[in-house]
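The following paragraphs lead through one protein model, from its overall make-up to selected local features. Please keep the sequence and the coordinates in view while reading.

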Amino acid sequence: MYARLLQSFGSSVRCLATKATPKVRPINKILISNRGEIACRVIRTARKLGVRTVAVYSDPDEHSLHTELADEAYRVGEAASYLRGDRILEIAKKSGAQAIHPGYGFLSESVEFAELCQKEGVIFMGPPSSAIRDMGIKSTSKAIMAAAGVPIINGYHGDDQSDACLQAEAAKIGFPLMIKAVRGGGGKGMRIAEKPEDFLTALNSARTESLKAFGDSSVLLERYVRSPRHVEVQVFADQYGDAVYLWERDCSVQRRHQKIIEEAPAPGLSEELRRELGEAAVRAAKAVGYVGAGTVEFILDKEDLSFHFMEMNTRLQVEHPISEMITGTDLVEWQIRIAAGEPLPLTQAQITRRGHAFEARIYAENPRGGFLPGAGPLRYLNTPKPSAEVRVETGVREGDEVSVHYDPMIAKLVVWGENRTQALNSLIARLSEYHISGLETNINFLIDLASHPEFQQANVHTGFIDEHFDTLFPPIVVEQRQLSQAALSLIFNELQAAHSNASSGQDPFAAAANIRLNYALIRSYSLKAHEKVYAVDVKYDNGDIEIRVDGGAWQVIKAERVQDEGRLKIRANINGNISTYSANIDGGNVTLFLENGKLDFELVQPKFLSAQADQLGSGGSRVVAPMPGVLEKILVQPGDVVKKGDSLAVLIAMKMEHILKAPKDATIKSIGGAVGDNMAKGAAVITFVDDDLSN
């Protein structure tokens, strides 16, 4: 993939002879002011180039993967300390790093931090602070783009932020309309007002979220284009005024206004339109004196394919690997070389594209629960094998914690194929090989999404999930075959444990745990999946297996364990269908990893062994935290009478604001925490008067 990049060194040397002598400043040590997968990504390329790396870590990240991979690591402070530019710059100087790579998020688009680096003589591996400022303030960027001949969409980008002015401008634009944080990005501080009566509520929510995420509550208003495509162009510029584009990416399929799956190139565009998008993006970059990696985002009308400037992200994007896969480049290497003062490694004519690539973002979240983010330990993790066509971009290992303090992304799965169909088939296959248990993820949803007929036909737009919600989230039916597979997993896990105990000398009789001289042993399991409990009986007699479900007929099954580096993998013939699947047993939980994703079962204990049933739950007598988070606001107090739908409290999780509402008319009995408290998933936030578990 990188052959073309390596060949380009010769062209770079030729460029030096024809341009003004560059001010090359060698970089042999980089501080990465970020965490997680992007920090690990930068470290890998730096190591390839012989550049040493310095990591910074917060208290929750002391033992994280990026601190282990870097040549050296320094504590920067508490959970939010990745935003402490002063501390990070101090560490850069102490460690002898000549440059700081900001990654994305945190300080990557901070004007103040870029200026501070320049003042202190440390290279900021990003654009000039003036470009960040111009493009970071959406109202300013729209004016600059219009002057540069880049198409823009109608809206209000003014300084008057009073409610009255914004309401009046909203009425002029018409509904539905989009409210966006002026300094926003990543879907934060963004709300849609469908009708006039929704406007103030949406406005206040956008302001609050924007203030928390960006320190600025200013917003802009734009006409909301229903079901557009989100197409963006990767650009790169050097310090000598040259800029190029590395083709476009389609990032249309989103949830909560955040990207979830991306592909490059964008499907269904003519070569002429691709050039128009690329050239418009280059004009945008040159208009602000851009240097380094950037992404120009456009709204593309899916009907007439007209496009309008949306925003420019003045950093490396999360989805940059798919551009690398189709162009054979290493964009982090480009960043390092350009920051050192070298010219662009390739000219526009030398940048070609080959094949098709997809990126799927794997999150700790609950798609069937409104994509609410999650947190917790990765108790079991087994990923697809990386290759030239498959990349697993991650910052976590098995046993690591997905923290409540940061974005819940676990990894990015990136695949390449000769064409879109081949790449999509590879994506689905590799997703089915991505095995995680211990917390909820979106992998099953990604498989269903990538397999959807409309996605297969590339009929994508930003409203794709809403439009196809029913087919993306069909009712879950647990099949008898899957119950048999779960029971087999328990049996083989028990046999393995017994064999291990016998081998270690702990129990000399354990190896014969299921052998009876005159009769077959019957194991009875109660397996719970999706709120339903199934009775599964297994008759095991020295290798012969029979299974029955819910008292039905006994079924003879042939099965054997397959060697897989110590992991539980089983090959079984169930009702004439032979297949191989993986499983994980974790205490009372059984997870099957099947062709269409994972299926979780809970091994239900007999009533006399089980604890008192959990009576918490939104919609009944309590309102619980739907995900781990921090209690930001409490809007009621004991004794208050509330109506169904009233706002009760605000929870902040992964920098997103979640409003907890009353599920019914009720009177408040008690509050389960104070402002600033960390709330676990399922913790009671509000209790109503009619809930008295002590009686």
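In α13, residues L331, V332, E333, W334, Q335, I336, R337, I338 and A339 are buried, where buried means under 20% relative accessible area, exposed means over 50%, and partly exposed lies in between, with a 1.4 Å probe and protein chains only. The helix spans residues 331-339 and is mostly covered, nine of its nine residues being buried. Helices here are DSSP runs of H or I with at least four residues, strands are runs of E with at least two, and both are numbered from the N terminus. At the start of α13, a side-chain oxygen of D330 comes within 3.1 Å of the backbone nitrogen of V332. This is a polar contact, defined as a pair of N or O atoms within 3.5 Å; within protein, one must be able to donate a hydrogen and the other to accept it, and residues adjacent in sequence count only if both atoms are side-chain atoms. After α13 comes G341, with a positive phi near 105°.

The model is predicted: local features need pLDDT of at least 70, side-chain atom pairs count only at pLDDT 80 or more, and totals for chains, interfaces and linings use all residues. Residues are numbered from 1 along each chain as its sequence is written, and side-chain values use heavy atoms, with hydrogens and water left out.

The protein chain as a whole contains 19 helices and 41 strands. Of its 695 residues, 52% are buried. A contact means heavy atoms within 4.5 Å. Among contacts between residues at least 6 apart in sequence, 64% join residues at least 24 apart.

A pair of helices comes next. The axes of α6 (residues 111-120) and α7 (residues 129-136) come within 9 Å and cross at roughly 175°. Such axes are lines fitted to C-alpha atoms, for helices over the stretch in contact, and the angles run from 0 to 180 degrees between N-to-C directions. The helices α6 and α7 are therefore roughly antiparallel to each other, the term applying to angles over 145 degrees, while under 35 counts as roughly parallel, 65 to 115 as roughly perpendicular and the rest as oblique. On the α6 side the contact is made by V111, A114 and E115, and on the α7 side by S129, I132 and R133. By class, this contact has three nonpolar, one polar and two charged residues; Ala, Val, Leu, Ile, Met, Phe, Trp, Tyr, Cys and Pro count as nonpolar, Asp, Glu, Lys and Arg as charged, and the others, Gly among them, as polar.

Among the strands, β9 (residues 219-223) has four of its five residues buried, so it is largely enclosed by the rest of the structure. Strand β6 (residues 155-156) pairs with β9 in the antiparallel sense over two bridges, and two strands count as paired if DSSP finds at least two bridges between them. Within this pairing, Y156 has L221 of β9 as its bridge partner.

Strand β12 (residues 254-255) includes Q254, which counts as buried because its relative accessibility is 13%. A polar atom of the Q254 side chain lies 2.9 Å from the backbone oxygen of C251. Beyond its neighbours within four places in sequence, Q254 is in contact with H230, K259, I260, T462 and I465.

Most residues other than glycine have a negative phi, and most peptide bonds are trans. E531, which is not a glycine, has a positive phi of about 70°; this residue sits in the loop between β26 (521-529) and β27 and counts as exposed because its relative accessibility is 70%. D550, also a residue other than glycine, has a positive phi near 50°. The loop between β28 and β29 (555-561) holds D550, which counts as partly exposed at 46% relative accessibility.

Cis peptide bonds complete the tour. One joins F175 and P176, with omega about 0°, and P176 lies in the loop between α9 (163-173) and β7 (177-185). Another joins A264 and P265, with omega about -5°; P265 belongs to the loop between β14 (261-264) and α11 (271-287).
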